[in-house]
Amino acid sequence: MLQALYDEKMEEFRRQFLKLHPYDRAKFYVEQSPEVRKRMYEYLSPAEMAEIFDHLDIEEDEYKIYLSEMDPLFVAQMLAHMYADNAADVLNELDKKEVANYLTIMDDEAAKDIQGLLHYKEYTAGSIMTTEYIAIHANQTVRSAMQILKKEAAQAETIYYLYVVNEQRQLVGVLSLRELLTSDDDEMIVDIMNDRVVSVFVDEDQEDVARKMQNYNFLALPVVDANNHLLGIITVDDIVDVISEEATDDYSKLAGVPDVDIQHNP
Ligand code: ATP
Ligand code: MG
């Protein structure tokens with residue numbers, strides 16, 4: 001694969017690289033030199049780079065380095081293709097001016113999604129939620145809900161739950177994909193949805209969200225504001241990160257070492 005890059009064989013590189021799981025693509029990407037990475041930006045589309053960035057596991061300050069290697073328009077397009085919560089995480093590491101730049105050249109729809117996520121406090125439900133969820137209405141049929149599902153499935157972070165909202169976008173119910181698939185086409189959503197929805201408040205601590213997710217065993221939890229308006233969802237894969245972060249924190253405290261870097265005295 002690396003050889004294909006060195007030999008400037010774009011098709012060969014793409015054929016091998018795109019077969020890898022996004023996590024392995026991300027691992028390959030961070031192991032390369034800046035020169036090789038630059039070739040990757042030429043050979044991959046912003047959408048393909050977005051998949052890599054959605055799976056990157058790097059220190060926060062490293063985002064700056066990678067982004068500075070890319071053309072600003074490429075960065076904006078890549079951020080627009082990422083899940084909004086991940087894109088907001090990346091932008092939170094940059095200066096306000098840079099953020100404004102990227103958001104201006106990005107398409108409006110994506111910019112709006114990301115912008116909405118930028119001002120949530122760190123370590124809260126709002127900071128780890130994503131806005132790419134599937135919402136349906138109580139007074140529609142299973143058939144029409146299926147059409148919405150089909151239309152939005154590619155964009156949604158998870159299709160496992162459909163959240164039912166009213167005209168004010170307040171959360172009134174939830175339905176699992178399995179429940180939808182096993183219902184008759186003519187059935188009304190209101191008759192099959194669960195109306196006692198477990199949700200988390202947008203300012204709630206991410207640790208509490210993790211606990212709730214574990215206790216209830218859901219694959220995602222909806223996030224609401226004080227008036228029960230649906231703002232986003234948190235999926236279990238984002239919670240796995242929270243749990244491992246907290247575990248590292250707690251372990252460091254126990255061992256009496258600082259969380260981040262060990263200090264070296266001269
Ligand atoms: P599976 O067999 O794959 O588990 P399922 O339909 O049982 O499918 P679960 O994820 O186990 O899906 O969800 C269990 C139940 O909880 C479903 O009836 C689902 O609609 C409901 N549910 C999902 N999210 C919530 C929530 N936030 N609050 C309340 N109920 C929920
Ligand atoms: Mg179940």
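Contact here means heavy atoms within 4.5 Å. By that criterion, residues 24 or more positions apart account for 61% of the contacts in the protein with a separation of 6 or more. This is a predicted model, in which local features need pLDDT of at least 70 and side-chain atom pairs count only at pLDDT 80 or more, while totals for chains, interfaces and linings use all residues. Residues are numbered from 1 along each chain as its sequence is written, chains are lettered from A and ligands numbered from 1 in the order in which they are written, and side-chain values use heavy atoms, with hydrogens and water left out.

**The whole protein**

The C-alpha atoms fill a box of roughly 60 × 50 × 35 Å along the principal axes. Colouring by secondary structure shows 16 helices and six strands; these are DSSP runs numbered from the N terminus, helices being H or I of at least four residues and strands E of at least two. Of the 266 residues, 43% count as buried, where buried means under 20% relative accessible area, exposed means over 50%, and partly exposed lies in between (1.4 Å probe, protein chains only). The protein exposes about 15300 Å², of which carbon and sulfur atoms supply 49%; accessible areas come from the Shrake-Rupley method with a 1.4 Å probe, and for residues only the protein chains shown count as cover.

**Helix α5**

Next, select residues 46–54. Helix α5 is largely enclosed by the rest of the structure, because seven of its nine residues are buried. The buried residues are P46, E48, M49, A50, I52, F53 and D54. To see what covers them, display helices including α2 (10–17), α3 (22–31), α4 (34–43), α6 (62–69), α7 (72–81) and α8 (84–91).

**Strands β1 and β2**

Now select residues 134–137 and 161–165. These are β1 and β2, which run parallel and are joined by four bridges; two strands pair if DSSP finds at least two bridges between them. The bridge partner of H137 is V165 in β2.

**Two loop residues with positive phi**

Most residues other than glycine have a negative phi. Select Y123, in the loop between α10 (108–118) and α11 (125–128), where phi is near 65°. Y123 is partly exposed, with a relative accessible area of 45%. Leaving aside neighbours within four places in sequence, Y123 is in contact with E204, D205, Q206 and E245. The C-alpha atoms of Y123 and V242 are separated by 8.8 Å, although the two residues are 119 apart along the chain.

Move to R169, in the loop between β2 and β3 (171–176). R169 also has a positive phi, of about 65°, and is partly exposed at 39% relative accessible area.

**A nonpolar surface patch**

Finally, select Y160, L219, V236 and V240, which make a nonpolar surface patch of about 310 Å². Patches are made of residues with over 30% relative accessible area and no salt bridge; like charges are joined within 9 Å and nonpolar side chains (Val, Leu, Ile, Met, Phe, Trp, Tyr) within 5 Å. A salt bridge is a side-chain nitrogen of Lys or Arg within 4 Å of a carboxyl oxygen of Asp or Glu. L219 lies in the loop between α15 (206–216) and β5 (220–224) and counts as partly exposed, at 39% relative accessibility.
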